[in-house]
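Me: I have a model open and want to learn how to read it. Can we go feature by feature?

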Amino acid sequence: MERGSSLQATARLSDSKAKVAAIRERARQAHTAKTPAWEVATQLADETETVIVEFFRDMLDGLNPADRRLVEQNTAVVKMGGFGRGEMAPYSDVDLLFLYRGTIDTMLTDALGSVVRNCWDAGIKLGHSVQNLRDAVRLARTDITFATSAIEARLLCGDAQLLNDFRQLFRRKVVDRNLQAFTESCIETRNIERKKFGGTVSQVQPNIKRSPGGLRDLHLMRWIGFARYQVSQVDDLDKVWALAEDDVRLLVEARDFLTRIRCELHFQAGGPQDVLTREEQLRLADAMGYEGRPGLKPVECFMRDYFRYASAIDDLAERLASMDRPRAISARIAERFLPNRTEDIFILSGDQIDVQADHHARLCSDLSLQVSLFALSARTGIDPSPTLLRDIAESHPEDPDEISPETAEEFLSILTCTGAIESTLRKMYKAGVLEAIIPEMSRARGLLEFNEYHKYTVDEHSLIAVGAVEAFHEEPSLLGQVYGEVKRKHLLHLAMLLHDLGKGFEEDHCLVGGQIAAAVAERLHLKESHGDRLVFLVEKHLVMSHLAFRRNINDINEILPFTRDVGSLDMLRMLYVLTAADITAVGPGTWNEWKGGLLAELYERSMLLLSGIRHDVEFHERLNQLRQRVRQYVSGSAVLSATLPGDQWVSTTMDTLPDHFLSSNNVEQVVDDLKQIAALQPKDSLIDWSADPINGTVLYRIVTHDSLAQGCFSKMAGVMAAMGLEIVSAEICTTSDGIVVDKFRVVDPEHPQGTPQVRLGEIKRVIRQVLAGERTVKSLFQTRRSKSDSSLVGPATSPRIVFDNNSSETCTIIDVFARNRLGLLYAITGALFDLGLSVQLAKISTYGEKAVDVFYVTCENGNQLTDADQLRHVAEELRQRIEDI
């Protein structure tokens with residue numbers, strides 16, 4: 001009998017698994033056949049319900065008659081959450097409440113436990129709770145997650161009256177007893193979740209369910225509707241006048257769009273997956289038939305639709321949450337005991353600005369009054385009332401009117417309210433007023449630049465960048481000082497807002513942005529000189545980062561054309577601050593001390609030139625002063641004097657060091673290099689490292705003889721890549737008497753808080769082994785794999801090789817633009833070595849999946865590469881090596 005029962009149980013389990021698999025397969029087929037997403041979600045819920053009911057009935061059939069009656073009359077199996085709504089993603093959890101009367105005994109525990117086990121064994125992932133009636137109500141009063149799930153409570157099987165009793169008690173004791181506290185708890189819980197999952201709609205890899213504008217915001221609207229208006233369907237919110245009919249229609253569209261994406265993610269992953277990764281964006285854009293448009297890839301068109309729907313959900317959820325919400329106690333006190341202030345047609349009371357009733361209609365149709373409203377908000381720090389913002393948002397015409405000089409001046413005044421600019425612009429953007437002032441903003445709405453570098457959409461990045469600029473006024477750093485010295489901050493803030501609006505076109509976005517800036521300058525009635533400055537800032541907003549991160553800023557000849565182009569100290573200040581804010585706004589961690597140091601150094605060198613100092617005199621004088629300070633430093637230290645061969649040796653050795661090497665180091669660094677050169681023995685190599693905790697980098701230095709350093713740069717690039725390190729810059733120096741001093745500054749992504757001593761020592765040991773020929777780079781690649789390659793998505797692009805013989809008098813600059821991957825730098829440097837080119841300086845930059853590597857090279861005779869055939873051959877060889885990786 002036992003064997004027979006076991007076989008029956010195994011057969012039932014196998015049958016249940018097959019049923020669950022068949023349910024998902026039918027849902028997949030319906031999904032593939034383009035069945036509306038909500039129908040697929042409902043089908044999944046309904047068919048899953050039948051399996052669980054079967055398990056419950058099987059449990060009842062196994063009980064004796066008395067126990068069966070006891071369970072049937074005192075137990076209810078209740079669908080909760082999404083399962084209760086009748087909406088399921090293919091692999092989402094099934095939320096159940098096993099509700100019972102009285103006290104639970106062993107029989108009931110075992111009976112309900114068998115249902116739970118059967119669900120799990122069949123492949124149904126449960127989120128369940130077992131509660132008696134009183135405890136369930138008590139739990140709902142203390143656990144908002146359980147309470148919001150209980151809003152969707154529906155009977156699956158069992159005693160219907162028991163569920164009805166729970167619903168009545170839940171309504172009376174949890175919701176109605178303190179309605180405001182309940183809705184505030186729902187809103188606050190969702191706000192915490194929103195911050196945890198990105199804090200903004202406009203992130204490039206959102207969580208479909210939990211990120212701002214996701215399905216969870218639709219759930220929030222259901223919770224608020226249930227509590228305040230006694231309706232629990234988003235579709236019914238227009239019937240109780242909570243939302244307009246068009247709003248509800250848009251929400252239903254958005255719900256179906258997001259639900260379809262979520263189902264697709266689950267089916268593709270074969271499990272719960274709610275993150276819309278870059279890989280999935282590409283796949284979904286293709287699967288859903290999106291086509292590209294001029295300047296936009298299919299995936300960017302797809303994501304633009306996503307952001308449109310997510311933004312609509314986000315805005316409407318925020319609007320619904322703010323309706324009938326009590327104002328802060330301080331505001332109510334102020335309103336009661338202090339007189340309201342009136343400015344023109346506006347009323348300032350407590351914590352919000354409203355409009356006099358007889359001017360409400362005029363405000364909604366008059367752009368100039370709307371700008372005045374937001375200017376008043378920026379000056380006072382008081383927000384317009386949510387109802388007023390909603391009415392303004394619903395009233396904007398499709399074709400913006402011309403702007404009067406007075407309205408333009410009022411708008412520009414907002415851009416002078418440092419500390420309130422970003423927040424005010426965001427409110428204007430949500431209300432549609434910012435697009436009425438700057439129509440070009442509409443194209444940037446939800447515009448995704450599909451790469452690994454930017455973390456936000458173009459519109460969100462622009463607004464964050466404005467906030468980054470005005471935040472500099474609180475910094476005691478050089479950036480804060482320079483920002484404080486900017487004379488026309490409104491132009492800087494406006495340029496920051498406009499700087500990326502040229503994206504999404506086929507042409508260079510900087511040039512298109514300049515055209516947009518010119519049109520905005522005319523629309524805002526700017527003086528011609530101010531308009532010219534605005535256009536310059538937008539067109540040139542990448543120039544400073546290009547110079548700082550991809551050129552040798554120690555060579556004044558390279559920055560001379562830049563300073564001549566900039567022309568004035570005030571323009572330099574604005575461009576410096578704008579560049580720093582632009583990088584900061586790309587995403588968390590993009591701005592760091594290393595980049596800040598390079599940019600600050602370029603700014604300070606440019607300041608010198610713009611101050612009227614002759615560059616050639618200044619450069620050579622600086623080198624002479626450095627040499628003199630080194631000699632004084634050495635002669636003033638008995639220890640150094642005893643360590644180094646003598647004053648004459650110091651002077652002679654410094655004369656052998658190239659100018660670019662001296663100009664990029666301070667006195668202490670040069671002295672330290674001299675000590676290493678002096679200690680170097682024949683046929684020996686010295687390797688050391690120094691960590692810089694301020695900018696999170698480690699500097700590795702190799703001192704050896706040129707006869708031993710063949711292919712040193714290429715080998716080091718290979719070692720660093722194989723060890724998981726990223727080279728951010730390299731300085732290659734060979735003295736005129738054959739001593740090599742190569743320096744590689746790296747970051748260690750695996751240890752962002754600081755590389756452990758053990759790992760630093762291991763890297764040094766591996767470098768020594770490779771230089772000595774005891775290990776090969778190839779063997780290192782075979783045993784160590786980069787963690788970054790798996791995240792690279794998108795179609796491969798051909799590498800681009802650009803030569804520059806104008807920026808440097810002595811070197812040919814080779815810019816290599818390629819897809820970042822394991823061994824890229826090793827392949828490039830290996831090719832340069834095999835081609836007989838000597839690398840004098842390298843700057844390595846990574847922008848997500850894109851690498852921009854810059855090399856200052858000379859031929860074997862020490863000259864630039866000028867022969868056209870030779871340049872063509874170098875380009876072909878580099879391209880081939882990169883494509884072979």
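Reply: Start with how elements are named. Helices are DSSP runs of H or I with at least four residues, numbered from the N terminus. Keep in mind that this is a predicted model.

Me: Which loop holds Gln230?
Reply: Gln230 sits in the loop between helix 10 and helix 11 (245-269).

Me: What is the phi of Gln230?
Reply: The general idea comes first. Most residues other than glycine have a negative phi. Gln230 has a positive phi, near 60 degrees, and is not a glycine.

Me: Is Gln230 buried or exposed?
Reply: The relative accessible area of Gln230 is 54%, so Gln230 counts as exposed.

Me: What about His525, and where does His525 lie?
Reply: His525 is in the loop between helix 25 (509-523) and helix 26 (528-539). Its phi is positive, about 60 degrees, although His525 is not a glycine. With a relative accessible area of 42%, His525 is partly exposed.

Me: Now a charged side chain. Is Arg222 buried or exposed?
Reply: The cut-off for buried is under 20% relative accessible area. Arg222 has 5% relative accessibility, so Arg222 counts as buried. Arg222 belongs to helix 10 (residues 215-229).

Me: What does Arg222 touch?
Reply: Set aside residues up to four places away in sequence. Arg222 then touches Arg85, Glu87, Glu152, Val231, Ser232, Gln233 and Val234. Take Glu152: it is 70 residues from Arg222 along the chain, and their C-alpha atoms are separated by 9.3 Å.

Me: How do I read helix packing? At what angle do helix 28 and helix 30 pack?
Reply: Look at the angle between the axes, then at the residues that meet. Helix 28 (residues 556-566) and helix 30 (residues 593-610) pack at about 70 degrees, with axes 10 Å apart. Angles of 65 to 115 degrees count as roughly perpendicular. So helix 28 is roughly perpendicular to helix 30. Their crossing is right-handed.

Me: Which residues of helix 28 and helix 30 meet?
Reply: Helix 28 brings Ile556, Ile559, Leu560, Phe562, Thr563 and Val566. Helix 30 brings Leu602, Arg605, Ser606, Leu609 and Leu610. By class, this contact has eight nonpolar, two polar and one charged residues.

Me: Let me try another pair. At what angle do helix 33 and helix 35 cross?
Reply: Helix 33 (residues 647-656) and helix 35 (residues 667-679) cross at roughly 105 degrees, and their axes come within 11 Å. They are therefore roughly perpendicular to each other. Trp649, Val650, Thr653 and Met654 in helix 33 meet Val670, Leu674, Ile677 and Ala678 in helix 35. That contact has seven nonpolar, one polar and no charged residues.

Me: How many residues has the largest nonpolar core?
Reply: In soluble globular proteins, nonpolar side chains tend to be buried together. Here the largest nonpolar core has 167 residues. Phe166, Phe411, Ile438 and Leu494 have the most contacts inside it. Helix 13 (residues 298-322) gives the largest share of this core, 13 residues. Another core lies apart from it, with 54 residues, among them Met716, Leu832, Ile844 and Val857.

Me: What is Phe411 in contact with?
Reply: Leave out neighbours within four places in sequence. The contacts of Phe411 then include Val371, Leu425, Met428 and Leu434. Ile437, Ile438, Leu494 and Leu524 are also in contact with Phe411.

Me: Last, the whole protein. How many helices and strands has it?
Reply: The protein has 40 helices and 16 strands. Of its 885 residues, 53% are buried.

Key
Residues are numbered from 1 along each chain as its sequence is written. This is a predicted model: local features need pLDDT of at least 70, side-chain atom pairs count only at pLDDT 80 or more; totals for chains, interfaces and linings use all residues. Side-chain values use heavy atoms; hydrogens and water are left out. Axes are lines fitted to C-alpha atoms, for helices over the stretch in contact, and angles run from 0 to 180 degrees between N-to-C directions. Helices (H or I, at least four residues) and strands (E, at least two) are DSSP runs, numbered from the N terminus. Angles under 35 degrees count as roughly parallel, over 145 as roughly antiparallel, 65 to 115 as roughly perpendicular and the rest as oblique. A crossing is left-handed if the near helix is turned anticlockwise from the far one by less than a right angle, and right-handed if clockwise. Contact means heavy atoms within 4.5 Å. Ala, Val, Leu, Ile, Met, Phe, Trp, Tyr, Cys and Pro count as nonpolar, Asp, Glu, Lys and Arg as charged, and the others, Gly among them, as polar. A nonpolar core is a set of buried Ala, Val, Leu, Ile, Met, Phe, Trp, Tyr and Cys residues joined through side-chain atoms within 4.5 Å. Buried means under 20% relative accessible area, exposed over 50%, partly exposed in between (1.4 Å probe, protein chains only).
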